[in-house]
Amino acid sequence: MNSLSKNKKKKIIIAVSILLAIAVIATSIAVIVKVNNKEKVSLYTVGTGNISESVGATGKVTSGTTKKYSVETIARVKEVFVSVGDEVKKGDKLATFDTSDIDKQVLNLEKTYNKAKTEYNKAVQNEKDSKGKLSQLNKDIAKLEKDIENQKNNISDDYFENATDISNMLKELMEVLNSVSDDAETVSKLTKIVMDTVSAEIKGGNYSPVSISKSVETAIKKAVDSGEIDTSKLNFDLGETIGKIKDAINKVDWNKISSILFSNGVGKLASSELRLAALYAEREILTVTNSVDVVGAKKDIMDATKTALDALKDASSDLKAGWVADFDGTITSCDLKPDTKTSALTTGITLQNLDSLMVTVSIGEYDIHKIKVGMDATISTAYGKYSGEVISKAPTATGGTEGSILDSVGSMAGISGLSSLTDKGAGVDVTISVNNPDDNIIVGFNADVEIQTGDFTNITTVPIKSIILEKTGTYVYLYDEKEKSVTKTLIETGAFSDSVYEVKSGLNIGDKIVDTPSSDYKETTFDVRVIN
């Protein structure tokens, strides 16, 4: 085997060296590219800290004691002793009134109430009486229905064809009865009177239209005189109403009807059915006019009238005595003028104790559970800060029908009271007293309130900037030292301040998290390059 020459060996060694150098350079470049492609992050080491938690909101400054003297009705003002800005003492006169017009209204309303009370008592008695009448009436109807059924079984089928003819002959009369009033009760009563009268005339052998119509006229007038028929519920005056009914009766060929009935030997059946129709009408009247609903409606009218009467009497009594100051304070509004009448737009006089001030704020559902009566607060205005204390918390929420998403976002972001910025979010009213108020805090202006809800020491904390807020929860990106990667991790938070959050679970002291994560991360776990 021939050995290689020294020059050729040298060339081979140089070539291999070049190839190795190229491989090393390529690998280094690949490593550099891979490292440079990793997400660059700064890390924060989880530790402990202290949090002084507060809930903030904005509300209106009001006086601690306010009394509005309102005119609840139209009255004449006699004298006014105060104007806006006046300082008054308890017992000082504010205004006097002439109540003569109100007294007349009271008398009229008393008459209305007494009438309503009488109507109600009458309805109660009628309901009691009608129960017995209805019981007997239903028995009579059941017996007559059975008798009619038996009578029908004993007559020929021709009767039913003839009954249809009779019904058509009476059609116009029934249309007239339905047209004379829009009140169902009145129509039922008139129908009963006409049917009873016609039935009695036919039963007595009288088939003359003129004679029957005169008998009906007499019966209707008798019912009007007794109060059974209320003429105010008729569509026409009494004379025209009776005239229309008589004209309809006169158009009926009662001789033909009697011929049809008695030619078939069914006069008794016809008379029975006319009587049954009258009983049905009577039952309808008793049911409609004396039902529990009618009694209830009359009671509602009586009660409503009594409430109005009591309110008017109270207003009259209040105005007769005149208005006096209930406490020391300042007149902050007054729109009364002597020798003038009040109106629906009159507000009256407002007295306020401006030495005692408070601020009322609306707190959303994610913050209200943190607030307790007695907690300290700071009230800030354009002219200074004041200490205060929570003195009341309303038992229910007002101001909306659904929770606002701003409450949830605000709670997670450490911003409280966002519900007060939207009409959608309901809130609970919380009242804060103002300690040592001065002239710089003015009733009617807004003030910012910070309520101190708790102090937490030596707790696990993370910066707000390290937290990612999502609908599904609160997250951080936890660093894995071994894998040189971060993973999106769910945590449970607790107390918070304007810069840090308490971590109740999901992290341990000493863990490292991404200091300021980006919202553009596409993966939940990925490699990173730490730059601090």
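User: Where does D339 lie?

Analyst: Happy to start there. In this predicted model, D339 lies in the loop between β8 and β9 (349-363).

User: What makes D339 count as exposed?

Analyst: The cut-off for exposed is over 50% relative accessible area. D339 has a relative accessibility of 57%, so D339 counts as exposed. The backbone of D339 is worth a look too: its phi is near 60°, a positive value in a residue other than glycine.

User: Which strand does N458 lie in, and what makes N458 count as exposed?

Analyst: N458 lies in strand β13. Its relative accessibility is 61%, and exposed means over 50%, so N458 counts as exposed. N458 also has a positive phi, of about 50°, although it is not a glycine.

User: Why does L319 count as buried?

Analyst: Buried means under 20% relative accessible area. L319 comes out at 2%, so L319 counts as buried. You will find L319 in helix α10. L319 and E72 are 9.5 Å apart in space, C-alpha to C-alpha, and 247 residues apart in sequence.

User: What makes the contact between K221 and E217 a salt bridge?

Analyst: The rule asks for a side-chain nitrogen of Lys or Arg within 4 Å of a carboxyl oxygen of Asp or Glu. For K221 and E217 the N to O distance is 3.1 Å, so the pair counts as a salt bridge. Both residues lie in helix α6 (residues 209-225), four residues apart, about one turn of the helix.

User: Why is E217 called buried, and why does K221 count as partly exposed?

Analyst: Set each value against the cut-offs. E217 has a relative accessible area of 19%, and buried means under 20%, so E217 is buried. K221 stands at 38%, and partly exposed covers the range between the buried limit of under 20% and the exposed limit of over 50%, so K221 counts as partly exposed.

User: How do you know that K299 forms a salt bridge with D303?

Analyst: The closest N and O atoms of K299 and D303 are 2.8 Å apart. The limit is 4 Å, so the pair counts as a salt bridge. K299 and D303 are four residues apart in helix α10 (residues 292-321), and are therefore separated by about one helical turn. K299 is partly exposed at 34%, and D303 counts as partly exposed at 31%.

User: What makes D515 and K465 a salt bridge, and where in the chain are they?

Analyst: Their side chains meet at 3.3 Å, N to O, which is within the 4 Å limit, so they form a salt bridge. The pair links distant parts of the chain, 50 residues apart: D515 sits in the loop between β18 (512-514) and β19 (525-530), and K465 in the loop between β13 (446-463) and β14 (468-470). D515 counts as buried, at 16% relative accessibility. Elsewhere, salt bridges that share partners join E53, D367 and K370 into one network. The count for the model comes to 17 salt bridges.

User: How do you know that strand β15 and strand β16 pair?

Analyst: Two strands pair if there are at least two bridges between them. Seven bridges join β15 (residues 473-480) to β16 (residues 485-496), which run antiparallel, so they pair. T474 stands opposite I491 in β16. The two strands form a hairpin with four residues between them, and K484 in the turn has a positive phi of about 55°.

User: How many bridges join β16 to strand β17, and how many join β16 to β19?

Analyst: Three antiparallel bridges join β16 to β17 (residues 500-505), and three join β16 to β19, also antiparallel. In β17, V503 is the bridge partner of T493; in β19, T525 is the bridge partner of T487. β16 and β17 form a hairpin with three residues between them.

User: What makes β4 and β7 the edge strands?

Analyst: Three strands form an open sheet with antiparallel pairing, in the order β4-β6-β7. β4 (76-80) and β7 are the edge strands: each pairs on one side only. Strand β6 (residues 93-98) and β7 pair over two bridges, and K93 has V324 in β7 as its bridge partner.

User: Which residues form the negative surface patch?

Analyst: The patch is formed by E87, D92, D328 and D355. A patch residue needs over 30% relative accessible area; D328, at 40%, is partly exposed and therefore clears that cut-off. D328 lies in the loop between β7 (323-324) and β8 (329-334).

How values were computed: Residues are numbered from 1 along each chain as its sequence is written. This is a predicted model: local features need pLDDT of at least 70, side-chain atom pairs count only at pLDDT 80 or more; totals for chains, interfaces and linings use all residues. Side-chain values use heavy atoms; hydrogens and water are left out. Patches are made of residues with over 30% relative accessible area and no salt bridge: like charges are joined within 9 Å, nonpolar side chains (Val, Leu, Ile, Met, Phe, Trp, Tyr) within 5 Å. Accessible areas come from the Shrake-Rupley method with a 1.4 Å probe; for residues, only the protein chains shown count as cover. Lys and Arg count as positive and Asp and Glu as negative; His and the chain ends are not counted. The place of a charge is taken as NZ of Lys, CZ of Arg, CG of Asp or CD of Glu. Buried means under 20% relative accessible area, exposed over 50%, partly exposed in between (1.4 Å probe, protein chains only).
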